[in-house]
Amino acid sequence: MCGIVAYIGHREAYPLIIKGLKRLEYRGYDSAGVALLTDTGLNVYKKKGKVSDLEQSLGEEQLSSHIGIGHTRWATHGEPNDRNAHPHYSHTQKLAIIHNGIIENYGAIKLNLQNKGYAFHSDTDSEVFVNFIEDIQKETYCSLEEAVRLAMQEVVGAYAIVLINREEPGTLIAARKGSPLVIGVGEGEYFFASDATPIIEYTNEVIYLDDFQIAVVREGELTVKNIENIVLSPYIQHIELELEAIEKGGYEHFMLKEIFEQPRSVKDCFRGRVNADEGHLVLGGLREYLDDIAKSQRIVIVACGTSWHAGLVAEYVFEELARIPVEVEYASEFRYRNPIIKEGDVVIAISQSGETMDTLAAIELAKSKGAIILGVCNAVGSSIPRTTHAGAYTHAGPEIGVASTKAFTAQVSVLTLMAIAVARRKGILHEDTFRRFLFELERIPEKIEKVLKNAEKIKEISALFSEARNFIYLGRGLNFPVALEGALKLKEISYIHAEGYPAAEMKHGPIALIDEDMPVVFIATRDQSYEKIVSNIQEVKARKGKVIAVVTEGDKLIPTMADHVIEIPITHEVLTPLLSVIPLQLLSYHIAVMRGCNVDQPRNLAKSVTVE
Ligand code: G6P
């Protein structure tokens, strides 16, 4: 939530920051702002709305500067308006701050500052933070970085901040706890951002700042310290991120591009891991833990949103193949219970961004109870992979559209590989079945390609339902989480109310909703519950509901009952979600576009949720 960008060096800071903010808009787009140090002083420009609204509002302003900070906001404290937009000045306007995160004890600090005569011009916790820093500096006559360090010892919550100081034009100060912060190291220039996407155009050398670290750039030199004031030697990492991976590449929206990228992203996920000819399945990052997982009595999966749905698919797959009991928990619920975790239990955290606050907190809790923590993440170098014992990246590449698509199929792919590997290690997966899995896995990308060929037909179906007010999604077994995911995609981007249910649960409530205006999407592929779901379709038709069915190629029966049918190729039952989810992604995409919604940046949402 919230994206931050800052620059200090020889380039023009303003265009660079604006471009960077546009890349980070997936993190929030309630307001945007920049602060630049120019000949006329420290100037803040901010505006409710998107980065482009800010750009337009500035028109021909003279904005030449080589040092600046910028922010794109997902509102937490205070409604989205100009006043609450970042950057925030301190009381004397000597400092300006950009902040991603939440300061939980800001109320008490604010009261204290108000008693000392500080006036506030916004409702944000961030304005309190910058004034707190200024006040410490005033009271103790210390340097600004020392004031930041002392403030960090007092504030409770999460933050990535960058400060700019009118009185030190060659200096930028950044700090982090809980929210991500990457520093790009160029030739005599430094970039700060919430992720590497604003940076890679200029340099591939980056430092991922850790919690309780402070970075200071002064007169072209970078120093990183910890909260004990000890100077550190940060690890400079070389990242391989192609610019085209974060651009639209001719598609109208990132979401559509990402849906169509899935044959490639799933292939990338299998690359070097699956080899059917040689009968190999290797997950390098898990090698040392495979025995522990195989011996574990229980696996707990923690995740949020779409990643939680991937976890539900994994529950079926692990139990089916590896015969280990699995529980799937919302990270936010898990962390606030007193969950029973025993030493040796395996906890798998799934997260596209690798930054979700609740998932991170769930990991810390499980770790403190002695569990083995594994991560399944997409964003390389993000916080979750750095806190887990081991894990496997999904290799889907950057996902920019707020609604998750290719990250989901990549998560399911990795989790399936894990389940197969564990089953194999336990000695309960026969060589022939194992080989058949590998063979079938290698065919998944081309089968996804085939599903994508139905895009036009799905668009036509979408046109018939774009005005619907409600939708129900039903599936059984592995297709139940797919139904949940289909419903989530639709509500996220089209704002149509949609619910996913296990098909058999329909008669315990949702059936009351069915009439001639209710579209019901069935994920009804050929599997062990096929006959049962056929009955469920009939139950809906008997009540005049409109049925859209995702079926296995060649199905002769369901097309005689359903109003609309979308075929997917046959595959192993366990791998079906990798195919059956694709038509649902396209359905929600087209419906949202037809309704005139902003599919890449749906209202109220953010891609990376770094607040509770
Ligand atoms: C947000 C995003 C979802 C995502 C969820 C979990 O709500 O909009 O698309 O599924 O966070 O995020 P994670 O990065 O942990 O997978």
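Serine 351 has a side-chain N or O atom 2.6 Å from an oxygen atom of the ligand. The model is predicted: local features need pLDDT of at least 70, side-chain atom pairs count only at pLDDT 80 or more, and totals for chains, interfaces and linings use all residues. Residues are numbered from 1 along each chain as its sequence is written, and side-chain values use heavy atoms, with hydrogens and water left out.

Serine 307 and threonine 356 also place polar side-chain atoms by ligand oxygen atoms, as tabulated. A polar contact is a pair of N or O atoms within 3.5 Å.

| Residue | Distance to a ligand oxygen atom |
|---|---|
| Serine 307 | 2.5 Å |
| Serine 351 | 2.6 Å |
| Threonine 356 | 2.4 Å |

The protein covers 90% of the 380 Å² of accessible area that the ligand has on its own (Shrake-Rupley method, 1.4 Å probe).

The shell around the ligand holds 13 residues (a heavy atom within 4 Å). Ser307, Ser351, Gln352, Ser353 and Thr356 come nearest. By class, the shell has four nonpolar, eight polar and one charged residues. Gly counts as polar here. Helix α9 (residues 305-322) gives the largest share, three residues. Helices are DSSP runs of H or I, at least four residues; strands are runs of E, at least two.

Threonine 72 lies in strand β4 (residues 67-73). Is threonine 72 buried or exposed? Threonine 72 counts as buried because its relative accessibility is 0%, and buried means under 20% (1.4 Å probe, protein chains only). A polar atom of its side chain lies 2.7 Å from the backbone oxygen of glycine 28.

Note on methods: Polar contact = N/O pair within 3.5 Å; in protein donor to acceptor, adjacent residues only side chain to side chain. Buried < 20%, exposed > 50% of the residue type's maximum accessible area, 1.4 Å probe, protein only.
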